[in-house]
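Visitor: I am new to this structure and would be grateful for a close look at one part of it. Would you please take me through the place where the two chains meet?

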Amino acid sequence: MAHFEIKNLSFSYPGNDRKILDNINLTIEKGSYITLCGKSGCGKTTLLKHLKSVITPHGNREGTVYFDGRPIEESDLRTQSSKIGYVMQNPDNQIVTDKVWHELAFGLESLGYDQKTIRLRVAEMASYFGIQQWFHKNVTELSGGQKQLLNLASIMAMQPEVLILDEPTSQLDPIAASDFLNTVRKINLELGTTVIITEHRLEDVYYCADRVIVMDKGRIIADDTPRNVGDTLKNTNDDMFAALPSPVQIYYGVGSDLLTPLTVREGRNWLSEEFEGKNITHDEIITGEKMKEDFDVAVTMKEVWFRYEKDAPDILKGVTLSVERGKVFAIVGGNGTGKSTTVKSLCGIVKPYRGKILINGKYIEKYKQNELFTNNLAMLPQDPQSLFVKKTVYEDLEEMLPKGLSEDEKKEKITEVANITQITDLLDTHPYDLSGGEQQRAALGKVLLTNPKILILDEPTKGIDNFFKLKFAEIIEELKKSGVTIIMVSHDVEFCAKHADTVSMFFDGSVVTTNTPNAFFSQNSFYTTAANRMSRHLFKNAVTNEDVIELCRKNR
Amino acid sequence: MKSDAFSEYNPIINFAFFIGAIGLGMFFTHPAFAACSVFFSALYLYTIKGRESLKFIGGMGIMFIVLSLINGLFNSMGETVLFVYFGRNYTLEALLYGMCTSAMLISVFLWFASYNSIMSNDKFMFIFGRIIPSGSLIISMALRLVTIYKNKIIQIHTARKCIGKGAADENDRISALKNGSTVISTLATWALEGGVITADSMRMRGYGLPGRTTFSNYRFGMRDKALLGGMVLLSAVIIFCAAMGASSAEFIPVINITSGGIYFYAGLISYILFLSIAPIINITEAVRWRILRSRI
């Protein structure tokens, strides 16, 4: 039986002719797992919001959404609250109360259950989601992953029949994201709850979906099983193809008659089958990259130690690294290993109690106030929103320019930077109305107006989709060409493998190893790209999707 | 010795006990009653905090001596003159009166010290959430926002500093003020944006439906009922006896303190029983654990 049925749904915002949703027809079966994907701004979120009329935006609407066979407007707030669960993107703002236990009970309180029922449901949820250990904590003490798990649990406490998730893991690190998505998968399998999910990182939601629906410009362009969706995208040469999981991309890149692999395991088997009985003549990518011994140094850290308080444990334990001028230096590693603190120390935000930091050959203490940040060094923060202080992107960029420039000069500079960061069309928009990827680029524009020689990026790919990632990578390449040194902290293994010149791994407050991305990722067996994990039994050092495809073709 | 079994009772019990102990303690200047209050309040604090509390109790002791002596300096009424200073009489009555009132005062302080470590925000919210449910939700939401806003201010400040937009010179008041106002206005935009999402999140979970209930983590079990009954009964006896003059004490001009009669004994014993509830519960618990442990 159909759980949701959408018939000829179109939607546009008042005073704007552009159709956000354009004649959508869709049937969602009970108990199915649906992955909805598409570029930012393709109408995914708007579509999801139509599945719960309490939060449906106002505007011009045609067509009908049926829930359980009846138009959704007919089901009241009580039915919708309990039966349709909705988890949003931002872990923080969804939380209402200050205590974990209170948050779990919030929805049940609204529905008017008595003490006994709430106690039981809360206990059930806490046990199912493994929340007991932090049940009595304040919500502000939780990590991002825990917060999002709490949001999920407090929705599940109302025992919904459908669970709608709108990019739930975009603000989480990969490990927390996997944990979260596995829990969602478990709910679908064990409770039979219908799941409708949108995601940027498709690795964890693609293979387990019953159907993958791809949207573009308000239309559904593909609606098929995960194994077949790739065909449609490949044939139409769609941008979304780049967002598919590595095994799928490699499969289509190489071309094969076998079944499409969806996971790393299937990818391995597929490669083995593909090359069964064949001699592998080329098993290595020749990169010519090598770690240089001495080079022109932009940033040096020598034995840097830091702790927040006198009696607190050390966060940095003898960090030593040097960054070559004009290169992209990536810092990877788990949460709480000191990556962010390291870049904070480069900006002088935290002051080490031992060790030396040299920026462009000069001790960091010798820089006068703000001298460090003029034409020298700048950082793009993890949350780009914290840089926006004005009503439009243009004004925000204008704020960065020195006083005393004429309007024309200002305009020229702003246009120049807007061209580099590809935000020319967005200059009159309010920064908060931009999508994650656009905010990222607008904020980068602001940072670039300080004319930095050294640019620090803190988690630059967090919360942006693959399409915007590619754009961002282009910008980084451009900056690199113009001689800017880039230091980036990232969880995004794939991105680092592709775009960094040097990769350093952090663990327990210091650098464990530093190498070229190819050497670095082909040495590792867990902390490496999907492409490498999938091909390491055949090829020595294929790290990116392109590497694997190239070697496969050579061996044909 | 540290034990806090009493705080594990229902918050209503905790709160009722402190209301009783502090409320009654404020009215009794009768030396026997005041002495009981001081003794039990100090004992209770000791059972909660152990050696740590001795410093505070010691401080209260000094305060008691000072306040007791001072009263005699300003109040020279009374019949029994102990000595004369600068032409004024220092009387026994004034000294005694000072002792009793300052005993009353320090016992209230001591009770409050225990109150502070027992009555957490959670418990307070639980009690008042039953009286004004929406008010308690607002407080709960506000408590969360305080921390979030604080962190966000630091985040914005750091982000701006790293692009050279921090206060140009932190010692310059005007530039610091300008920078501060930018940070605050950014925070306001951000908070409004977040508020919309929070409001959505509340509506999605049925906020605004009629018949909202309030959930709490605390049970009101048998032992709570029994204890509450006992406390009500004891305080009724105490108040009745006090009304009958059991605790009347006059110091000036002549010392006239009740020291006998059925009401006096009934009232005093009930008072002792009442005040000993919390410390006795803690002590029995500690002893029980010691015995259990020694058996292992």
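Guide: In this predicted model, a salt bridge joins the side chains of R212(B) and E109(A), with 2.6 Å from N to O. The count of salt bridges between chain B and chain A is 4. Polar contacts also cross this interface: 24 residue pairs make them, both partners being at pLDDT 80 or more.

On the side of chain B that touches chain A, two helices, α6 (133–161) and α7 (173–204), each provide at least two residues. The greatest contribution to that side comes from α6(B), with 14 residues.

As for the extent of the meeting, 51 residues of chain B are in contact with 61 residues of chain A. Together the two chains bury about 5100 Å², of which 57% lies on carbon and sulfur atoms. Within chain B, the residues that lose the most area to chain A are M204(B), R205(B) and F215(B), which together account for 19% of what that side buries.

The nonpolar cores complete the picture. The largest has 74 residues, and F129(A), L152(A), L163(A) and L165(A) touch the most other members. Beyond its neighbours within four places in sequence, L163(A) contacts several residues, including G85(A), V87(A), L152(A) and I196(A). A second, separate core of 54 residues has members from both chains, among them I414(A), L444(A), F495(A) and V183(B). In soluble globular proteins, nonpolar side chains tend to be buried together.

How values were computed. Residues numbered from 1 in each chain as written. Chains lettered and ligands numbered in written order. Predicted model: local features only at pLDDT ≥ 70, side-chain atom pairs only at ≥ 80, totals over all residues. Heavy atoms only, no water. Contact = heavy atoms within 4.5 Å. Buried area = accessible area lost by both parts, 1.4 Å probe. Polar contact = N/O pair within 3.5 Å; in protein donor to acceptor, adjacent residues only side chain to side chain. Helix = DSSP H or I, 4+ residues; strand = E, 2+ residues; numbered from the N terminus. Core = buried A, V, L, I, M, F, W, Y, C linked by side-chain atoms within 4.5 Å. Buried < 20%, exposed > 50% of the residue type's maximum accessible area, 1.4 Å probe, protein only.
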